[in-house]
Amino acid sequence: MTGTGLCHEALLYDSDTAYCDAVLPFLRDGLADGDALVAAVRTDHTALLRDALGADAAQVMFIDREEWYRRPAVTIAGWRGLLAQAQARGHGRARIVGEVVFGGVDRHRSWTRYESAVNALFADAPAWIVCPYDTRVLPDQVVADAHRTHPVVRDPDRRDSTGYRPPAALLPELPEDPPPVTGPPAADLVLRDVSELGAIRRTVRAVASGWPDDPLDDLLLVATEIAINGLRHGSGQRHLRLWRADDTIVCEVSDDGPGPPDPLVGYGPPPDDSLGGRGLWLVRQLCDAMAISTTAGRTHVRVAMTAT
Amino acid sequence: MVATLQPGDHVCWTIGTDDEQLRVTARCVADGLARRHRIVYLTHSLLPQAVAAGLDARGVPVAEAVAAGQLRITSSSGGYLATGRFDAAAMPAVWAAEQAVTRAAGWAGLRAIGDMAWAASRLPGSEDLAGYEAGVNRVFAEGYAMALCLYDRRLFTAAELAPIMAAHPCTKGPGADEAEWEPALRMRISATPPRLTLRGEIDASNRHAVAAMLDTLAEDAAAAGTAAEVDLSEAAVYDVATITRLVRDGRRTYRLVGESPQLTKLIRLLAVRSPYAGGPA
């Protein structure tokens, strides 16, 4: 494969042999090409690859995938950082083996969206990403979605995916599941103008009573940003609602508008020169979960954070 | 409440009735008289005589204060609009001169109370009102003068008021309890060395005021040929646009002092550049 843009492939495998037959040549060719090599993979695969690569394993950056795949927006920011480092070190391209942690069913939608968003966010990146999918353990739907989120599949033959859907088409069909809430909100405020942002934070502080300073500051910033986002981009009556269950707080701002037209809003940062537009990006960095949904003519931006 | 205001403050106080205007300003005037501040009250929707009567009815010794030179109540046509139009660029110098006169007369401070209703009549020049409000922060942030700007919600739309509010370090909005209201942010600037001290909370409600002061600070530092500092040790920043500005401008124009661990974390998040995509990581 040549060229400077992104290549994003799904590797569908059902044995260690099939895995190694694809991944090892991918990495060894990368070594020969002078590419940066990164593997965010299962611990058993780290061991397999290290054994097989021998001394060459030192050229691969191995990442604990359980740490790496915690929040999609943070993972995206992490890849951006790694690609920037690779470029700074003089590598013309990065080869990445990325084994997304799909985990329980509550994570499938978020990480399928992530796999799709990667195609747009890194379209111009000099990166070749292979995403191994273990068909023995992953649910059929997750494997089927890999065909929709990767332009290229290998199983083991490498070919264009006939089921591939560009993110602009796929993401609106896969809305993020809103963080769940139970019972009535602990607070429900009507938002009128920016002069109320301080009062909103006082309410958030009251609901988050007992939280340590660090997550509380993040929560206050997040609540302020989604409130100003609703005031600026929403229409009609804006509400801010808060729910608390144990140490998890869900904050929601709703309005009568149609919601953001860009399904990738908040996943990628705007250009450097812009002072605005980073609000939802930073919110996604700080929150455990964030979902934008539009139902019955109202748009809801809902976030969840847990004090840890 | 309005009694907590100090020299250095610059408030956007939204009002809904004439009675509310007189109640709030009577408190502000009485408080200023007690603190030996000179008070300049520029009225518009009410005649100067009506303001005087209204303050007097609320217990302010108007005649005595006017006779002593401590209180001047005048129409905005003799203040903001003396030249027949609103010249936003010239106004900071006008206020600086008023401040010099007050200081020379030995008063402990200057209180400006401005009924901004004239701006609703769309006079030439008033389209840059938010720019004026942002720029004039420089005068008040020196810590001798303060301003209470009255914006009548019956005369301005929410869309018109939004940028005007954000040009002030603090706003008393319609939803705030008058008795419990406190200024959200205080800004103070000193010349040698060029240093901007921010106390309170920064968010979208005052980001233009902060941005204007950061620009002023950068100009002061460039003129003095020295490094500038922004003291954030008593400030909390809840505004991504302001943090982005601190990252963007701070690299070349000023040094941050006393930033919180959270702000350090956010600056780090926003500062990383991606060479191929042009954005932070």
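These legends accompany several close-up views of a predicted model.

**View 1. The five-stranded open sheet of chain A.** Welcome to the sheet, whose strands follow the order 8-9-10-12-11 in chain A and pair in the antiparallel sense. Its edges are strand 8 (187-191) and strand 11 (289-295) of chain A, each of which pairs on one side only. On average, and with direction ignored, neighbouring strands of this sheet are turned by 15 degrees against each other.

**View 2. Strand 8 of chain A beside strand 9 of chain A.** Here we move in on one pair of the sheet. Five bridges join strand 8 to strand 9 (residues 238-245) of chain A, in the antiparallel sense. To find your place, look for A:Val190, which has A:His239 in strand 9 of chain A as its bridge partner. Strands of a sheet pair through backbone hydrogen bonds, either parallel or antiparallel.

**View 3. Helix 9 of chain A lying across strands.** Helix 9 (residues 213-233) of chain A lies across strand 8, strand 9, strand 10 (248-255) and strand 12 (298-306) of chain A. Relative to strand 12 of chain A, helix 9 of chain A runs at about 175 degrees.

View 4. Helix 4 (residues 72-88) of chain A has 17 residues. From first C-alpha to last, helix 4 of chain A reaches 24 Å, close to the 24 Å expected at 1.5 Å a residue. Of its 17 residues, 13 are buried, so helix 4 of chain A is largely enclosed by the rest of the structure.

View 5. Searching the whole structure gives zero disulfides over all chains. For A:Cys131, the nearest cysteine sulfur belongs to A:Cys7 and is 10 Å away. A:Cys131 is buried, at a relative accessible area of 3%. For B:Cys12, the nearest cysteine sulfur is that of B:Cys149, 7.1 Å away. B:Cys12 is also buried, with a relative accessible area of 0%.

**View 6. Helix 1 of chain B crossing helix 2 of chain B.** The axes of helix 1 (residues 18-34) and helix 2 (residues 48-57) of chain B come within 9 Å and cross at roughly 70 degrees. Helix 1 of chain B is therefore roughly perpendicular to helix 2 of chain B. Helix 1 of chain B brings B:Leu22, B:Thr25, B:Ala26 and B:Val29 to the contact, while helix 2 of chain B supplies B:Val51, B:Gly54 and B:Leu55.

Notes: Residues are numbered from 1 along each chain as its sequence is written. Chains are lettered from A and ligands numbered from 1 in the order in which they are written. This is a predicted model: local features need pLDDT of at least 70, side-chain atom pairs count only at pLDDT 80 or more; totals for chains, interfaces and linings use all residues. Side-chain values use heavy atoms; hydrogens and water are left out. Two strands pair if DSSP finds at least two bridges between them. Helices (H or I, at least four residues) and strands (E, at least two) are DSSP runs, numbered from the N terminus. Axes are lines fitted to C-alpha atoms, for helices over the stretch in contact, and angles run from 0 to 180 degrees between N-to-C directions. Contact means heavy atoms within 4.5 Å. A disulfide is a pair of cysteine sulfur atoms within 2.5 Å. Buried means under 20% relative accessible area, exposed over 50%, partly exposed in between (1.4 Å probe, protein chains only). The expected span of a helix is 1.5 Å times one less than its number of residues. Angles under 35 degrees count as roughly parallel, over 145 as roughly antiparallel, 65 to 115 as roughly perpendicular and the rest as oblique.
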